Amino acid sequence: GAQQGPPTRARFWIAALVLVAVTAVFALAMVFLSSPRDTPEHAPVVRRFVIPLPEGGAFRSTDPPNLAISPDGRRIVFDAVVDGTRRLYVRELDSLHVEALRGADGAEKLFFSPDGSRVGFVAGNQLKHVGFDGGSPITVGDFQSGGGLWWGEDGVIVANEGWDPGIVQVPASGGAPRPVTEPTEGDGYHWWPQVLPGGERVLFTEWRTSLADIGVSVFDRGTGEIHRLLPRASFARLLPGGRLFYAEGGRLMVVRVDPENLQPQGAAVPVLDDLQQQPDNGAATYAISANGTLVYRPGGLWNVRRQVVWVDRLGETTPVDMPPAAIEDVAVSPGGERLALAVFDQGLVGLHVHELATGTTAQVTFGSFDSFPVWSPDGLELAFTSSRLGPWDVFRAPVDRSREPEAVLARPDDQVALGWSPDGRTILYKDDYAALEQIELGEGTISSGPETSTPGSASFSPDGRWIAYSTVESGVQQLRLARLGVTGSRLLAGGGSDLSAWSDDGEELFFTRGRSMNVVALRRDGDDLVPGRPRVLFERNFLLVEFGGWDYDSRRDRFVMIEPGTGEMKEDSFVVVSDWFAEVDRLLAARD
């Protein structure tokens, strides 16, 4: 017959149990959906960790910003000198290992393609980019050493090529650069560009004479107009959500802006109090992915206090009797009685002279960025590199301030003072980062120095007949010796050798290689100088800057060097912060 259903009482309890189960599931779902994990108090955990460079690797404090992160935050690339060769390295954040990227020796000034599949760089005065799949680099074209580069969504790279006033653009597929911005006489220099979404606007830093005279501006391609957004700010980057980051006074700041008109929506907030920021151009060593992963290097001259020390051949140190300061460079006078110092203070760098006998220090130059001091052979003047007419020109000034500093050489491109000949007639300088040249004082006659396409530091021999200079060949920094007026040069030391100084008798040449101080003996053979085998004197964690940072006192057979300040991060690692936007947004909300 027909089947019967459950009795009425049983049906009632079944329905009640189903109702209880449905209610419980609904309640659990509501608890899950409204759980504290979505509240500000339980936002994603912000994690900080340090990534070291490969064994023996080092940054240098005056290198350009040498960190970049892919838009999706998966990859970090950086350049560093390892075993004397500057290479490009990649760290996948889901990996424990750092790998060298093939085909990118000598790489610097790094930037990603919009999809993160390729990284661009400059090497050997050429603009290139390479993928992460092991393929060969693609050469875009010749490119002068400069600052910031950005790869737009339209496949065009914008950059400040060299340090000349305007921004240029070039297709990533290859071609010749053409102007984007063309400042007129008296306008600032345009550096560190970022193409904003849509491609019609370019964010950049406008620099005139120093960090005291700097600001972030935006260029509108459609109207050709430039609008100043933030005074005293530099190296700005706009990230999703209208978060506009920028460097100011050694800090990383953020302000919320309307993405359409870039107008601030509230006050700016400091998010890093100790950011590495370059005093000569405002560049800051940080990069942020679109999803909020931050990579940066802490430390900088705004807060650091460094000590000048004497160092003997065994590496033993004795402090110089002077207070610590944000010291960038030091040079010993020819007689050994004085030190010339480049000291950073509130966005400017001034030259100071310290009297060793009395322990007194007097400032010699003011109101500009003046650095890399070079003593005249009589010890009465300093040649130096100055921004007072725009970057960078060679100036000279008497140490007793009996007259104002005067320009030795002022050109549209950059010059850096390197050496003063022993007869006092000639100053050696680097011209536009591509050649060594000399200028005859008084006459103004210019002649070529040793032939090189990528010169670094250089110094005259005591008899004025030879020049020791560093250069980069195939990505390797090396030290070479050339006789003035004679074609060709001789290798003195390879493997990252840089920054040389002579003994007074010309029989020894001291140079740095990484963290080591080295010496090579020079034997006279008629009109020739024959170098011996280089040897290490000592290794120390001393400050190295691009054209100096130390000197040799031949009268007392000792070195003068700069010790990093307390808490100053070594040049062998950097910091990563994941899920950082959660912290940034909390700080912005607290300010509002």
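Helix α2 has 12 residues and reaches 17 Å from its first C-alpha to its last, close to the 16 Å expected at 1.5 Å a residue. The expected span is 1.5 Å times one less than the number of residues in the helix. Helices (H or I, at least four residues) and strands (E, at least two) are DSSP runs, numbered from the N terminus. This is a predicted model, in which local features need pLDDT of at least 70, side-chain atom pairs count only at pLDDT 80 or more, and totals for chains, interfaces and linings use all residues. Residues are numbered from 1 along each chain as its sequence is written, and side-chain values use heavy atoms, with hydrogens and water left out.

- In α2, the residues W580, F581, A582, E583, V584 and L588 are buried; buried means under 20% relative accessible area, with a 1.4 Å probe and protein chains only.
- The largest nonpolar core has 53 residues, and F245, Y286 and W580 touch the most other members.
- Helix α2 (residues 580-591) gives this core its largest share, 5 residues.
- A nonpolar core is a set of buried Ala, Val, Leu, Ile, Met, Phe, Trp, Tyr and Cys residues joined through side-chain atoms within 4.5 Å.
- In soluble globular proteins, nonpolar side chains tend to be buried together.

**Sheet with β1**

- An open sheet of 4 strands runs in the order β1-β49-β23-β22, with antiparallel pairing; two strands pair if DSSP finds at least two bridges between them.
- At the edges are β1 (47-52) and β22 (286-288), each of which pairs on one side only.
- From one strand to the next, the twist averages 20 degrees; axes are lines fitted to C-alpha atoms, and angles run from 0 to 180 degrees between N-to-C directions.
- Strands β1 and β49 (residues 573-578) run antiparallel and are joined by 6 bridges.
- R47 has S578 in β49 as its bridge partner.

**Sheet with β24**

- Another open sheet of 4 strands has the order β25-β24-β48-β47, and its pairing is antiparallel.
- Its edge strands, β25 (317-319) and β47 (550-553), each pair on one side only.
- The twist here averages 30 degrees from one strand to the next.
- Strand β24 (residues 307-311) is joined to β48 (residues 558-563) by 5 bridges, and V309 stands opposite M561 in β48.

**Loop residue G148**

- G148 lies in the loop between β9 (138-142) and β10 (149-151).
- G148 counts as buried because its relative accessibility is 7%.
- Beyond its neighbours within four places in sequence, G148 is in contact (heavy atoms within 4.5 Å) with V158, A159, N160, W192 and P193.

Key: Buried means under 20% relative accessible area, exposed over 50%, partly exposed in between (1.4 Å probe, protein chains only).
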